[in-house]
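Work through the exercises below with the model open. Each task is followed by a solution in steps.

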Amino acid sequence: MKLPRVTVRKLAITAAAVALAAGAVAVSAPSSAGTDTGTSTTYLVLYSVGASSANASSAVAAAGGTLVANYSQIGVVIARSSMSDFAAAMKTTKGVNGAVATTRFGTQLKTEVVADAAPAATVTATWGDSLSGSQWDMTNIHVPEAHAINAGSTDVLVADLDTGLDFTHPDLAPNYDAATSRDCSSGAPTALLPGNDQNGHGTHTAGTIAAAANGTGVVGVAPNVKIAGIKTSNDNGFFFPEMVVCAFVWAAEHGVDITNNSYFADPWEYNCKNDPEQRAIWNAERRAIGYAQSKGVLVVAAEGNDSDDLSHPTTDITSPDFPPNSAVERDVTNACAVVPVEVPGVVGVTATGFLHYKSYFSSYGISTADVAAPGGDRRFQIPPSTGNGRVLSTYSSNALGAFAVCAIPAQLVIENGAYYCWLQGTSMASPHAVGVAALILSAHPGMPASAIAARLGNGATPLSCPADMSSPVDYVAFPGVNSGLPQECTGGAGHTSFTGAGEVDALTAVS
């Protein structure tokens, strides 16, 4: 991603399990003959379908590396090495299809399109908890009415794959599932420790999903469900392949029902499959997501904040954006895909504002946008009651430093000693859709992921393409960031490129 690397595009939710036969045996790679660079780099090693990674540890060691994790379920190995020829050596191992460094480049997390000073918000309590009067996003999709029928079940477990989660926050602590929460920032799952969310983005998205109705702060879409935090990035907000693979395999094997994915997976915003290194990354991440789907996990993701038509990509000027000034303008086609939004079976979410129009910054696509949900629009769709078009949600008390996404004082709210923040982005839209999906599962225990996704779309409020592309939202003034092309809404009453099947509706979900 980063932050909103976030998007889900396919309407077909059926997940194909990755079938890896155990017949082929991996043999050790020849001893490394390269030089020691003195800098350790993380590598993703992809085994061919049907090949076993059982001997990965010895192969990695022979190539001059250290094994971090062996995800034999999907034929993906994570390793670290400072040897200059590590990838080349691993590629000579029998059964290995590709080996690529994952952290040389990155597309940093993006939440706000413009970080300008937000006007001070008027905070009034008219529904829910002490700050719920400012939750225009919840009233827009009929969350208060839905809660009168069903506010979610503790039997439903949602995992937020993000920058971490401040599980000490009073709005999140009541619903926090410690047993399922993990830190995958190393590429291997470890305990999620206090102070893990130095960025704040993950705590914000988690609150939209499942902030408890406890009298203070905000209320989530599904305030009774269980929420797990799986840290899938570093503190800078880079979601590298080893982290994404780790997170999905962990979720697949630990009873997660739904995952929220408000990011784009690094290092490339668009993974072009005609390039061997990018193809290896795409295949590894696709396998991990497919494995989770095969275990019944519904995967929901954000569309992105570039105003781009993901169904018709032409140019990528964003990646790689790490190290600084590394971005290279390149032509891209539909052979290049965004992860996770364009992985088959993922539900893609675009952002809407207070007036129910697509947010000016939200990316979109006729084949990638399944539904829309509130993500904010600080320019053209500002609720009179708040004076702020962003979305208010929980925020980490540890995210006030260099990595913080809530870097503008006017966007920060402190209530009874707890932190909250106003943010906008498709990162904020995706967790609304996840919350509604959690309500659907709460109302219909045992419903398969594909059926939840179908009900999410069928119960959405259809939104037509704008009659005027310059008013009330001036899309003309915000062409695609990568393509430079004008935004164009296509489709009919049942499905448009801007909002898919329409804006999710919590009341319909539980009725």
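**Exercise 1: Charges over rings**

The charged end of Lys 358 sits over the ring of Phe 498, 4.8 Å from its centre. This model is predicted.

Task: Find what lies over the face of Trp 282.

Solution: The cut-offs for a charge over a ring are 6 Å from the centre and 35 degrees from the normal. Lys 273 lies over this face, 4.4 Å from the ring centre.

**Exercise 2: The setting of Ala 351**

Task: Decide whether Ala 351 is buried or exposed, then list its contacts.

Solution: Ala 351 belongs to strand 14, residues 347-352. Next, check the area. Its relative accessible area is 0%, so Ala 351 is buried. Then list the contacts, leaving out residues up to four places away in sequence. Ala 351 touches Tyr 357, Lys 358, Ser 359, Phe 361, Ser 362, Ala 373, Gly 375, Gly 425, Thr 426 and Ala 429. Last, take a C-alpha distance. Asp 377 is 26 residues away along the chain, and its C-alpha atom is 8.6 Å from that of Ala 351.

**Exercise 3: Aromatic rings**

Task: Classify the pair formed by Tyr 360 and Phe 361.

Solution: Count the pairs in the model. Ring centres must lie within 6.5 Å, and the count is eleven aromatic pairs. Now take Tyr 360 and Phe 361: the centres are 5.2 Å apart, with 85 degrees between the planes. Planes over 60 degrees apart count as edge-to-face, so this pair is edge-to-face. Both Tyr 360 and Phe 361 are buried. Finally, widen the view: Tyr 360, Phe 361, Phe 380 and Phe 478 make up one aromatic cluster.

Definitions and conventions
Residues are numbered from 1 along each chain as its sequence is written. This is a predicted model: local features need pLDDT of at least 70, side-chain atom pairs count only at pLDDT 80 or more; totals for chains, interfaces and linings use all residues. Side-chain values use heavy atoms; hydrogens and water are left out. Helices (H or I, at least four residues) and strands (E, at least two) are DSSP runs, numbered from the N terminus. Buried means under 20% relative accessible area, exposed over 50%, partly exposed in between (1.4 Å probe, protein chains only). Contact means heavy atoms within 4.5 Å. Rings of Phe, Tyr and Trp (its six-membered ring) pair if their centres lie within 6.5 Å; planes under 30 degrees apart count as stacked, over 60 as edge-to-face and the rest as tilted.
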